[in-house]
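Q: I am new to reading protein models, and I would like a close look at a single part. Could you walk me through a pocket and the helices around it?

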Amino acid sequence: MSNSETPLRHSKSLRLSILTQYYPPDYAATGQLIEELAVELGKQGLSVRVFTGQPGYAFQSHSAPAREYFQQLIVQRSRATRIWSKRIRGKALNGLIFCLRAGLHLLRTRSRGDILLLTTAPPFLPILGYLAKKLFGLPYVCLVYDLYPDVAVELNVVSRRHWLVKLWNTVNCHIWKQAQQIVVLSPSMKNRVAAKCPALNDKITVIHNWADANWIVPIAKQDNWFAQNFNLVDQFTVLYSGNMGRCHDMETILNAAQLLQHKPILFVFIGNGAKREAFEAQTRLLGLRNCRFLPYQDKQNLPYSLTSGDLSLVSISSGMEGLVAPSKLYAALAAGRPIAAICEPQSYLQALITEAECGAAFSNGDAKGLAEFIRRLSIDERLVKRMGEAGRRYLQSNFTPDLIAREYSKLLHQSVVSEFAPSPNGMDRKKGHQTNRIAQEGDKATM
């Protein structure tokens, strides 16, 4: 690409393009987070374009506008593809089709922006970043939500020794080496990526997920219409809200519910996922009357559903540490409720909860310890209040949309600067001058 064609030319602010398969009205957590991030980055002066798909599994919406505009944000959607969408192979095929459409979009569009942000939804989407850099000189950042092929290996979808796994790992390393930055969601995920490609350690940045503490605020159960509608006011309620998927330890929760079945304690599960049907059937088989199941809630109901419980549950299956990061943790912190996390002993969840003093973490399979913690909280309102307030304060100090968006803004500006900085021999001075201007804008955005 010649100097006159550099994507920095004539730009008034950093222009960011985001590729992601899921975006509202889909209820996938990745899509909700990208929407909030895009809006926040727009508030900080970035011009943001999102290319995404039509709803794959939204609540009541089977389609959304092909184009939407919101201040500094433009959203463009491709056509929908729903082939066997509830099966792993179907999801993989749908993801591949979206990748092809996203690739055509990059080829056809004239507004690719100054930098590309690609999520791992679907997992092979970052390949387009590698191709965009080779074809157009466009720098890119990889946002790793779930670490593949490792997740597929742990779920026994494919053998660790399979040729596809070896190829996938090789491709990942090539993609990451060409990326300006790799963003991961936890320290343990950073360790996993660094172990695969040790030379990239300095390129890997941990930026946590977040929750809006101004939108999700603690509501007393007696004043909460959701708690009233589902008769949760007068019972100590243990809440699990979100995906009940293959990566989540539902078995330990089930065993804890069984241990507490004769106590005045109710378990409420809101959401769906690969494990829900079997999990719900198991509660019926065991005759557990202390478990209730509700569907995913519309986004406008979340401030009420998330505060309808007295304790929030977060879980990761054994072997999944560093491969996934549950976003439900941050919303639970915002709700001002204690957290009980089921995870491996070395999990970042345990370290975070200990530092925040907002709950307790239990090893996978420790149903007895979890049940005892729940029983203890059910008879100690002061402890519930203290832990809930501590968790909310911790979130407000570390994981708000504004704070996290500032981290992304700084990283994106620095990524553009490092890609288009003048060479040591003094060439590309004009390009470097333009880069310095963007760097200054990035500094202002993070003040």
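A: Happy to! Let's start with the second largest pocket, where helix 13 (367-378) and helix 14 (381-398) each supply at least two residues of the lining. Keep in mind that this is a predicted model. Helix 14 gives the most to that lining, with six residues.

How much space lies in the second largest pocket? The volume comes to about 530 Å³. A total of 21 residues line the second largest pocket, and the closest to its centre are Lys221, Asp310, Glu381, Val384 and Lys385. Sorted by class, the lining of this pocket has eight charged, seven nonpolar and six polar residues.

Now look at how the two helices meet. For helix 13 and helix 14, the axes come within 6 Å and cross at roughly 105 degrees. That angle makes helix 13 roughly perpendicular to helix 14, because angles of 65 to 115 degrees are counted that way. On the helix 13 side, the residues of the contact are Phe373, Arg376 and Leu377, and they meet Glu381, Leu383, Val384 and Met387 of helix 14. Five of these contact residues are nonpolar, two are charged and none is polar.

Helix 13 has another partner to show you. Helix 8 (residues 251-259) packs with helix 13 at an angle of about 55 degrees, and their axes are 8 Å apart. Helix 8 is therefore oblique to helix 13. The crossing of helix 8 and helix 13 is right-handed. Which residues of helix 8 and helix 13 meet? From helix 8 come Thr252, Ile253, Asn255, Ala256 and Leu259, and from helix 13 come Ala367, Lys368, Leu370 and Ala371. By class, the contact of helix 8 with helix 13 has six nonpolar residues, two polar ones and one charged.

For a further example of helix packing, turn to helix 3 (residues 127-136) and helix 5 (residues 163-178), whose axes come within 9 Å and cross at roughly 50 degrees. Helix 3 and helix 5 are therefore oblique to each other. Their crossing is left-handed, whereas the crossing of helix 8 and helix 13 is right-handed. Helix 3 brings Ile127, Tyr130, Lys133 and Lys134 to the contact, while helix 5 brings Val171, His174, Ile175 and Gln178. The residues of this contact of helix 3 with helix 5 include four nonpolar, two polar and two charged.

The structure holds two cavities of 30 Å³ or more, and about 40 Å³ of space lies in the second largest cavity. Ala38, Val39, Gly42, Lys43, Phe70, Gln71, Gln72 and Leu73 line the second largest cavity. Helix 1 (residues 29-43) gives the most to that lining, with four residues. The lining of the second largest cavity splits into four nonpolar, three polar and one charged.

How values were computed
Residues are numbered from 1 along each chain as its sequence is written. This is a predicted model: local features need pLDDT of at least 70, side-chain atom pairs count only at pLDDT 80 or more; totals for chains, interfaces and linings use all residues. Side-chain values use heavy atoms; hydrogens and water are left out. Axes are lines fitted to C-alpha atoms, for helices over the stretch in contact, and angles run from 0 to 180 degrees between N-to-C directions. Angles under 35 degrees count as roughly parallel, over 145 as roughly antiparallel, 65 to 115 as roughly perpendicular and the rest as oblique. A crossing is left-handed if the near helix is turned anticlockwise from the far one by less than a right angle, and right-handed if clockwise. Contact means heavy atoms within 4.5 Å. Ala, Val, Leu, Ile, Met, Phe, Trp, Tyr, Cys and Pro count as nonpolar, Asp, Glu, Lys and Arg as charged, and the others, Gly among them, as polar. On a 1 Å grid over the protein atoms alone, a cavity is a set of points where a 1.4 Å probe fits but cannot get out, and a pocket is an open set with protein on both sides within 12 Å along at least five of seven lines; lining residues have an atom within 4 Å of a point. Grid points are joined across faces, edges and corners, and a volume is the space filled by probe spheres set on the points.
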